[in-house]
Amino acid sequence: MMWRPSLLLLLLLLRHGAQGKPSPDAGPHGQGRVHQPAPLSEALHDDAHGNFQYDHEAFLGREVAKEFDQLSPEESQARLGRIVDRMDRAGDGDGWVSLAELRSWIAHTQRRHIQDSVSAAWDTYDTDRDGRVGWEELRNATYGYYAPGEEFHDVEDAETYKKMMARDERRFRVADQDGDSMATREELTAFLHPEEFPHMRDIVVAETLEDLDKNKDGYIQVDEYIADLYTQEPGEEEPAWVQTEREQFRDFRDLNKDGHLDGSEVGHWVLPPAQDQPLVEANHLLHESDTDKDGRLSKAEILGNWNMFVGSQATNYGEDLTRHHDEL
């Protein structure tokens, strides 16, 4: 399951530009809520058999890894050399790549999909092209322009739209850390992807509670939890998977066993602690490439083990042969 994103992010996925109002039914209802980091790669981590596809996708990101697979070995190594220089410049610039610098690079490449969605949002919502996105720009582009006091006078379900807009504004105010009502790129990223930012954790929890807590007692009861996943038809027997979800609620969600979920338990559920995957991969690449065992990588050490970091036409052909042999 995945945590539900903001309305504005969902609109960006549906259209590029702001045309018409969102439906009151728009949004992620019915989708899962739990945010789990995506794996660095779907490929098997199989270095022992000379298959470094996992490492390539972890180090470069999946789309860029595909680009490297079409390069000659010489061009692939040359581009890797330029990446090494970038990693060092982004860190302390001492001529070596540390574990922290390597981890930071891997984390950066894995966030490209987030950066792409923010770029699309930026082009759509920075309507005055001043390099910042104000709340008014977001509001008007999403919901349409209204004079004060006339919001949604032309739609039937005006109260629902007002609640949607108020919820988006509240999240924007939390993301806007300097309180100037203008979002920088980083602040807009926090608004669109709050699950990625520790200071947005409380708003993720609050929005989840509001969605599920139908009796407004400040907690999520087991029936409220189930109602978010499944609607039982009259006379229909509850499926086995729903019973399993009830057990999950009792055994793993309700940590203090008081029969419902409070805010802390909701946070543990929708934003569970996760392994630092970029750090694990950085340690792996460092261990495999640090020939002098000084705990850091020189450019020569990385280029000496270049085919673990990046692919090329030659390594891609070899991996294809390995996979073909394994299938026989």
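## Overall fold

The protein chain holds 17 helices and 4 strands. The model is predicted. Of the 328 residues in the chain, 44% are buried.

Contacts between residues at least 6 apart in sequence were also counted, and 63% of them join residues at least 24 apart. The accessible surface of the chain is about 17300 Å². Carbon and sulfur atoms account for 51% of that surface.

## Nonpolar cores

In soluble globular proteins, nonpolar side chains tend to be buried together. Here the largest nonpolar core has 42 residues. Those with the most contacts inside this core are Val 133, Leu 138, Phe 152, Leu 188, Ile 220, Val 266 and Trp 269. Several helices each supply at least two of the core's residues, including helix 6 (112-125), helix 10 (201-212) and helix 13 (263-270). Helix 8 gives the most, with 6 residues.

Val 266 has contacts beyond four places in sequence with Val 205, Thr 208, Leu 209, Ile 220, Leu 261 and Leu 271. Another core lies apart from the largest one. This other core has 27 residues, among them Phe 52, Leu 71, Ile 83 and Ala 282.

## Asp 176

Asp 176 sits in the loop between helix 8 (158-175) and strand 2 (182-183). Asp 176 is buried but has no salt bridge. The nearest side chain of opposite charge is Arg 173, 4.8 Å away.

What lies 2.7 Å from a polar atom of the Asp 176 side chain? The backbone nitrogen of Ser 181 does. Beyond four places in sequence, Asp 176 touches Ser 181, Met 182 and Glu 187.

Methods: Residues numbered from 1 in each chain as written. Predicted model: local features only at pLDDT ≥ 70, side-chain atom pairs only at ≥ 80, totals over all residues. Heavy atoms only, no water. Buried < 20%, exposed > 50% of the residue type's maximum accessible area, 1.4 Å probe, protein only. Lys, Arg positive; Asp, Glu negative; His and termini not counted. Salt bridge = Lys/Arg side-chain N within 4 Å of Asp/Glu carboxyl O. Polar contact = N/O pair within 3.5 Å; in protein donor to acceptor, adjacent residues only side chain to side chain. Contact = heavy atoms within 4.5 Å. Areas by Shrake-Rupley, 256 points an atom, 1.4 Å probe, with all protein chains shown as cover. Core = buried A, V, L, I, M, F, W, Y, C linked by side-chain atoms within 4.5 Å.
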